[in-house]
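Please study the sequence and the structure shown here before reading on. The explanation after them is meant to be read alongside both.

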Amino acid sequence: MGPQLSWYLALSAILFTIGVVGVIIRRNVIAMFMCIELMLNAVNLTFVAFSSFFQDVTGQLFVFIVMTVAAAEAAVGLGIIIASFRNRESLDVDDASVMKL
Amino acid sequence: MHENNLLSLIIFAPLGGAAINWFIGRRLRNEKIIGIIACSSVGISTIIAFYLAFNSNGALRSTEPILDHLWTWIQVGRFRADFGLALDRLSGTYALFVTFVGFLIHVFAVGYMHGDSGFYRFFAYLNLFMFAMLTLILADNFLLMFVGWEGVGLCSYLLIGYYTDRKEAGDAAKKAFITNRVGDWGFVLGLMLVFFLTGSISFFAKPEHGVISALQAFAGMSADPFTWKALFAGGATSVAILLFIGAAGKSAQIPLYVWLPDAMAGPTPVSALIHAATMVTAGVYMIVRCSAIYTHAPTAMFTVAIIGAATAIFAATIGLAQNDIKKVLAYSTVSQLGYMFLACGVGAFVAAIFHVITHAFFKALLFLGSGSVIHGMHHEQDMRRMGGLRKYMPITFATMLTGWLAISGIPIFAGFFSKDEILWKTWSAGEFSLPSLIWSKALWFVGAITALLTAVYMTRMMVMTFWGSERFREKDIDHHEEGDAAQARHNVHEPHESPWVMTVPLIVLAVLSTVGGFIGVPYALGSLFSDHPVNYIEQTLEPVISHDPVSVPHVEGSHAVDEMQWLSPKPQQLDGPPAVHALEGPEAASAEHAHSPEEIRQERLLALVSVLIAAFGIGFGWLIFQKRPLLQMPRILENKYYVDEIYDATIINPMEGLSREGLWKLFDVGVIDGFLHALGDAVTEGGRLVRHMQGGFVRSYAAIILIGALVLIGFFAYFGAHALGLPR
Amino acid sequence: MRQHLLTILILLPVLGTMVAVAYSFAPRRQDDHYKWIALAVTILTFALSLLLVGGVGAAEFRFEENVNWIGAIGARYHLGVDGISLWLVLLTTLLMPIAILSSWTAIAKRQLSYYVFLLLLEGAMIGVFVSLDLLLFYLFFEASLVPMFFLIGIWGGERRIYAAVKFFIYTSVGSLLMLVGIIALYFIYGTFDYAAILAAMSAQPALLSPNAEFWLFLAFAFAFCIKIPLFPLHTWLPDAHTEAPTAGSVILAGVLLKMGTYGLLRFNLGLFPNMSRQFAWIMITLAVVGIIYGALVAMVQPDVKRLVAYSSVSHMGFVVLGLFSFTEFGMQGALYQMLNHGVSTGALFLFVGFIYERRHTRLITDFGGLATPMPWFSSLFVFASLSSIGLPFLNGFVGEFLIMLGSWTSNAIQHSWTATMLAATGMIWAAVYMLWMLQRVVFGKVTNPANATLPDLSAREIGLLLPLLILMLVMGVFPRPFLDRSKASVEAVRARVAAPPTGGSFAGNKPAGAQVEPRDLSFNALEGGH
C-alpha cells in the first residue's frame, strides 16, 4: 500500500494549520512571515497531490505561479520588514499597530 | 400699407444720442455739447415723426400704417416676434406728442441739470428713455412693445435713482421697478394668452412676412359675455384683465400706484417726462391699442372703469393734503390717469387718448413749472416754505397759471375739453360694459367729485406757492430733514427766475395747454360756434379703434358661460360673421355717431355742470387757502391712507420674515441639511461601532480572517453549494 | 484635423497640464508662468472649438468619432456634437479663459496644481458634452468632480473642506445611481452606445419594460437633478459656490450645472420618453417650487455670493420647467436659458469675486455706495444684474420668455397655466432680490470708510468681462443664430417625447375635441420660404 492521496492532504492540512496557528500566536514578524510561506507551501502540496491524482498538469502550473508570487512576496515583505525594523527598532508586530510612527 | 425706413430713425436717433453721451460725454465734460447732442437726437425724432405723420401719404392721413420691418427677433416654431415698427394713426398721434414734449423737456433739463456732476449720465439715460418709449409706441407686436415697456421701466429706475447717494432715491427706484414688474407679470401672461388664442402677437397683418394680426383675429371672435366667470375662462376677458394688470403697474392704478409718488425722488424733468407726460400713459396706450380685445371683454372693461374711477378719486383726496409740491402733482397724475382708465373702461378710447395728450401738455407744464420753482428756490420742495413767488418768478407763475386752469377744467383751456369728454362719455355709456345704466351715472358722479377735488388741490398748490406771505425767509416752519446745510443755502439766496432754456419750454407748453384742447372740440360744443365743427382727434383716431359690438347678449343667467367654457379656453369662432370691423373708414365712423338733439342738449348741460364744478372748486380752494395756506389737512390724507405701511405690514414684511426664518433657516438649513447631516452622522456612528475590529494588531486581523474563512467553509459544508443557488 | 476635432478639444487641456508640469521641472521656472500656459491652452481650445459652429445644424451628430474602447464589454469611444451640445461646448471653452484670467491675481498659492486642475476640468467638461457612449459619459461626468473637489477644497474660503466634501458626496451619490442605470441599460441592450440604444429602442420598444424604464428614469434623473440642482436637492450648491474660488464658482455655475440639464435633455427625455411624460408633473412641480423658493431664499441672504447661488436654483428651475414642457418653445428656451445662465451668472460671480478680492468679505452689509469709488464696476454690475433679471433685449429674457411660452402652451401636465403663472412670478422675485442687493451694495452713500478708496476695475478685469457682457446683448437682440442651430436637434428629442397635442388650461378636464393648439394660420408658407 503506497502513499494515498489522503495522506498528502492530511499532511498539507497539518502544515497549513501549523502555519495559521503560527501567524496568530507568534509576535515576531519574521516568524509570521515564515508561517505564511508555510501555508503557501501547504497549498502547493495539495496542488501537486491532486495534479498527480487526476493526471492533470494544471495543478503543477499553479504551483509555479504560487512559488513565483511567494518569491515576489518574500522580496517585498522582507524589504518592508527591514524598513520597519529600521524605524521601530523592533520586530514585534504589536508595536506596529498604528501606521504612522 | 407701405414700408419706410425712416421710421426706425425715430427710435435709433435717441439711442445713438444715448450711446454718444454715455461713452464720450464722460470725457467731454462740456455741458453745452452734451446738451446739444441729447436735444438734437430727440429733435431729429420729432422732425421725422412730424414728417411721417403729416406728409402727403403720412400716417395720420392714410388708413394704412407705415411699417418698417428691421429683423425677425425671435422665431421658434410658430412663434414669431419681429423687430418691426409701425406708425398708424394711434401710434402716430402718440409719437407726435411724445417726441415733441420730450424735446421740450430735454431743453428744459439742460437748464435744470446745469452744474450736476452726472450731467452726461443724466442725458444718456434720458435719451435711452426716449428710445424705449418710442419703441413701446411704434412696436408692431406685443413682444416688442414689451421690450419698450420694460425699457422705460429700466430708464425710470435709473433716473429715479439718479442721485445715487440718496437713500430714498434708491428705495423709490427699486420700488418703482418691482411694482412695475408685478404688472409686467400680467403683461407677459396676457401676451402668451394672445398668442395661444390667435397664433400671432402682431398688431398688424404683414402678408409679405406671413404675419397675421392678432387684433384682427380678436375682432373676428364673438364677444365674451358679461360675467365674472369670463375672467378665468381663458378668452378675451382673461387677456384683457392680464394686460390691464400690466397697465395698472405702468400707469400707477390701484393697487399698484404706490411707486409713482415715491418716484418724485428723481430729478424734476424726469418726473415731467416719464412720470407725467409719457411713460405712465403707456398703459392707456396699450389698452387703446388693444381696443379690439377690450371691446370683446365687457367684464374687463367694467373692471378697468371701476379701478380707474376709484384711483381717480382716491389719489385726488390724497393730493389734497400733500405739502411737497411734486407729491401734489404726482397724486394729481395718478388721479388723472384714473380718468383715462375710466374712459377706456366705458369704451371712450378716443377720449382717453385725448386726455393723455392734453394731460401731457399741462402736466408736463406743471411739473416743469414746479421744477423751475424748485430750481429758483434752490432745491426746496416743501410748499410750506414757499409763498408769494409770483413776484420773483413771473414767467413761471404765468405759465403755471395756464396749467392750473387747464387741469381744473376751465373752458378754452385744454383740460376742459378732454375731461369733459370723458365725463360725458361716462354719463352716456351704453350697457355693454356696465351691469346696468345706473353705473354710468355713478361713475360720472365719482368723476365729477374728482374734478371738484382736482380744482381744490390745484388751487391749494398754486396759492401756497405763488400767493400769500413769503415764507421762504422764515427759519423753521416745520421740522425739516435736510438740516443746517439746506437752511444755510436758503438764507443766502433769494428766489430767482429761471434762465431762458427753462422758461421757453414752459411758454411753449403753456400755449399748448391753452389751445391744445381745440383738436378735440366735441360736436355739441363746436356746433355752438361753427356750422361744421371738426373734431380732429376723433376723426383721426376713430378708424383705428374698435367699438362695442353692436348687439351683445346681455347676460343674466340665460347667456351665462357654461361650465366647460370656464374650465377651458374658448374654442375660436373664426367662421361666424365678424362682430366688429376693426378698420372701418372714417365715413363709417362719423356716420355711426349721429348727433341727436337730445344728446346734444344733455352734453351741453353736462359741460355746463363741469364748468360750474371747476369754478366752484377753484373758488372754494381760493377762499380757504388764501387765508390759511398752512391749514392742517386730515392726518389720514397726509399719510396717504397708510397704504405703504399696510403693504409693508401685510405683504413685504411677512414675505421677508417667512423667507428668512421659514424657508431659509428652518427649511433649507434645518430640514434639508439637517436630514443630510443626520444621514452622515448615522454613517459615522455606524463606522465608529465597527471600528473596534480594526485595532491595528496584525495578528487579530489574521485571527479574524481565520474565523471568517472557517465560517464560510462551515456554511458551505453544512448547507452545500446550493445555498447560493449554484448547481450541486 | 476636423475629423478628430473633438478628441483634440478634450486632449488639448490635458496636454496643457503636461506642458505645465514639464515646465515645473525647468531650472529657472517662475510660478507666474503657469497661468500664461493655461491661458494660452484655453484660448487655443476656444479658437479650435469655434470650428465646430460651421459644421452643426441638422439633427444628427457631427464630428463623430467612433472607435473601439473596451472591446470586451462593447464600450466604445464615441464622440459627436449636435445642436444641443454644440453651444454647451462653446460655453465651456469660452468660460475657461475667463476663469483663468479671473484667477490672475487672486490665486497665489500652489499655482501649478491650481491651473492643472482647471485644465483637467475643462477636458472632462468637454468630454461630458460630446460623449455618446454612456460609459464614456459617466467617466467624464465623474472626472469633472475631482478637479472641482480640489479647487474648492484647497483654494476655497473658510468652510472649504465642508463645502468640498458636501459637493463631492452629494453629486457622486447621484452619479453612482446613474452608473447602476447605465449598467442596467447595458444588460438590456448589450451596448453602452447612445445611438445604438436609441436605435434598439425604436426597433424593439417591448425590450424595455415600463417597470425597468421607471427605475432607469429615476436613476438618471436623480443624478442630474442633484447636479442641476433641482429643489430640494440643492443644498450643496450655496455652500460649494460660496466657498469656491471665483473661477470655481464661474465654472460651477456656468458649466457644471448645465451637465445636469444637458443630461436630462439628452438621456432622460431622449431615452425614456414615456416615463418623462409620466414624471413631468413631478418635475414641473419641483421646478416651479424651485423657481419661487430659490428666489425667496436668495432675497434674504446676507452674503452676495450665496445670493447669486440661490438665484441659480431659481434660474435652473426655469430650465427644467422648459425641458418638461415638451414643446419646441420650452425646450429651445431651456437650452437657451442654459447658455444665458452660464453667461449671466458666470459674470455675476466674477463681479462678486472682484469685490471679494478687494475687501475680503462677501457680506452685503459690508458694502454700500460702491458707485462712488467704482463707477465702472457699478455700471457693469448693474448691466449683468439686469441680464439676470431678464430685461428684454438682454439674453435672460429670451430664454425665460420662451420657457414660459412653452409651459403655457404645454400639454405635459394638466394645470400648465397655473404652473406658468407661478413660474412667471419668478420674474418679479428676480427683480426683488437683485435690485435689493444692488441697492445695498452699489447705491446709497459710502457708509464704510474701507469702501471709499477701492480701486475701480482694472483693464484686465474689464477685458475678461467684456466677452460676457457683449454676449448678453447679442444673445438678447439676435437670438436666432443660436436658436436655429439647435432647432433640429431639440426638435428630434421633442418629437420622441411629445404627446398628442391638446393644450393647456387652468383645470384638467378639457372639452373633447376642442383643438386649442395655437392656430396654424399662415406660418407654414413662411417656414417653407426659409
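This is a predicted model: local features need pLDDT of at least 70, side-chain atom pairs count only at pLDDT 80 or more; totals for chains, interfaces and linings use all residues.

Residues are numbered from 1 along each chain as its sequence is written, and chains are lettered from A and ligands numbered from 1 in the order in which they are written.

The secondary structure of chain B comprises 28 helices and 3 strands; helices (H or I, at least four residues) and strands (E, at least two) are DSSP runs, numbered from the N terminus. An automatic or database domain assignment divides chain B into domain 1 (2-387 + 394-524 + 631-638), domain 2 (640-692) and domain 3 (696-728). Between the C-alpha centres of domain 1 of chain B and domain 3 of chain B the distance is 88 Å.

Of the 728 residues in chain B, 58% are buried. A residue is buried if 20 or more other C-beta atoms lie within 10 Å of its own, exposed if 12 or fewer, and partly exposed in between, with C-beta atoms placed from the backbone. A nonpolar core is a set of buried Ala, Val, Leu, Ile, Met, Phe, Trp, Tyr and Cys residues joined through C-beta atoms within 7 Å. The largest such core holds 450 residues, and those touching the most other members include B:Phe129, B:Ile160 and B:Ala364. Helix α6 (residues 167-198) of chain B gives the most to this core, namely 18 residues. Apart from it lies another core, of 7 residues, including A:Val20 and A:Met32.

Two residues are in contact if their C-beta atoms, placed from the backbone, lie within 7 Å. Leaving aside residues up to four places away in sequence, B:Ala364 touches B:Val101, B:Ile105, B:Ala272, B:Ala276, B:Ala277 and B:Leu509. Helix α10 (residues 268-277) of chain B is mostly covered, with 10 of its 10 residues buried. These buried residues pack against α3 (89-112), α4, α5 (142-160), α9 (259-262), α14 (325-345) and α15 (349-376) of chain B.

Helix α4 (residues 119-138) of chain B contains B:Met130. Why is B:Met130 classed as buried? B:Met130 is buried because 32 other C-beta atoms lie within 10 Å.

Finally, the contact between the chains takes 7 residues from chain A and 8 residues from chain B.
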